[in-house]
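Subject: Structure for your review

Dear colleague,

Please find below the structure that I am handing over to you. I would be grateful if you could read the notes with the structure open beside them.

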Amino acid sequence: MRKKKVLFVCTHNSARSQMAEAWLNYLCGDFAVAESAGIEAGDLNPLAVKAMQEVGVDISHQHSKHVLDLFSSGHRYDVVVTVCDDETAEKCPLFPGLLTRLHWSFHDPSLFTGTDEEKLAEVRKVRDQIKAAVEVWKAQELAEMLEHGSPEPANS
């Protein structure tokens, strides 16, 4: 079975889209593969790295990518999910051959204020919201596979 290709896009590809990529690959790797990119490339958010490490998912090796670089190098996706706020999602380019475009709105960790511990607490909330959204998407995808007679992934 060909794995569904998913791209997560946010503003700088520094936190939300990186966490979403990691969660989808971790939770759905038997039937889907994710990448992430930003409307602009940025630096990986160290609080996102720490929050994901706390739950056993390592994103420290990931790096920020620009969305247009992926497409100009020939990458194509079945699903593109914007994980930024509504206004930023409208700036997201259209993608050739795209079958599905989704929008999941999450707060931008780069805008959190307070002490590092207070900001980390907010990043943890976003991390958990993203995980929940990926789990809902996974359940919908598995239901659709069963409905259309596609084989269920072995490790679901």
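**Confidence**

Please bear in mind that this is a predicted model. The average pLDDT of the protein is 89, and 88% of the residues score at least 70. Where pLDDT is low, the predicted coordinates should not be read in detail.

**The sheet**

Four strands form an open sheet in the order S2-S1-S3-S4, and their pairing is parallel. The edges are taken by strand S2 (32-38) and strand S4 (100-103); each has a single partner strand, so one side of each is left without a neighbour in the sheet. On average, neighbouring strands of this sheet are turned by 20° against each other, direction ignored. Strand S1 (residues 4-10) runs parallel to S2 and is joined to S2 by seven bridges. One of the residues involved is Leu7, whose bridge partner in S2 is Glu35. Helix H1 (residues 16-28) lies across S1 and S2, and runs at about 175° to S2.

**The nonpolar cores**

The largest nonpolar core contains 37 residues, and Phe8, Leu24 and Trp104 have the most contacts inside it. Two or more residues each are given to this core by S1, H1, S2, helix H2 (46-54), S3 and helix H5 (116-147). The largest share, nine residues, comes from H5. A second, separate core has nine residues, among them Ala37, Ile39, Leu70 and Val80.

Two residues illustrate how the parts of the chain meet. Leaving aside neighbours within four places in sequence, Leu24 is in contact with Val6, Phe8, Gly29, Ala32, Val33, Ala34, Val134 and Trp137. Val134 belongs to helix H5 and is buried, with a relative accessible area of 0%.

**Helix H2**

Leu47, Ala48, Val49, Ala51 and Met52 of H2 are buried, and the cover over the buried residues of this helix includes H1 and H5. The N-terminal end of H2 is capped by Asn45, which has a side-chain oxygen 2.8 Å from the backbone nitrogen of Leu47. Just after the helix, Gly56 takes a positive phi of about 80°.

Asn13 lies in the loop between S1 and H1 and is buried, with a relative accessible area of 0%. Its phi is near 55°, a positive value in a residue other than glycine. Ser14 is found in the loop between S1 and H1 as well, and counts as buried at 12% relative accessibility. Leaving aside neighbours within four places in sequence, Ser14 is in contact with Asp43, Leu44, Asn45 and Ala48. Ser14 and Asp43 are 29 residues apart along the chain, and their C-alpha atoms are separated by 5.5 Å.

Gln18 is found in helix H1 and, at 0% relative accessibility, counts as buried. The side chain of Gln18 makes a polar contact of 2.3 Å with the side chain of Gln62. Apart from neighbours within four places in sequence, the residues in contact with Gln18 are Asn13, Ser36, Leu44, Ile59, Gln62, His63, Ser64 and Lys65.

**Asp78**

Asp78 is found in the loop between helix H3 (67-72) and strand S3 (79-82). Is this residue buried or exposed? Asp78 counts as buried because its relative accessibility is 10%, under the 20% cut-off for that class. A polar atom of the Asp78 side chain lies 2.7 Å from the backbone nitrogen of Lys5.

Yours sincerely

Technical notes: Residues numbered from 1 in each chain as written. Heavy atoms only, no water. Buried < 20%, exposed > 50% of the residue type's maximum accessible area, 1.4 Å probe, protein only. Polar contact = N/O pair within 3.5 Å; in protein donor to acceptor, adjacent residues only side chain to side chain. Pairing = 2+ DSSP bridges. Axes fitted to C-alpha atoms, helices over the stretch in contact; angles between N-to-C directions. Contact = heavy atoms within 4.5 Å. Core = buried A, V, L, I, M, F, W, Y, C linked by side-chain atoms within 4.5 Å. pLDDT = per-residue confidence, 0-100.
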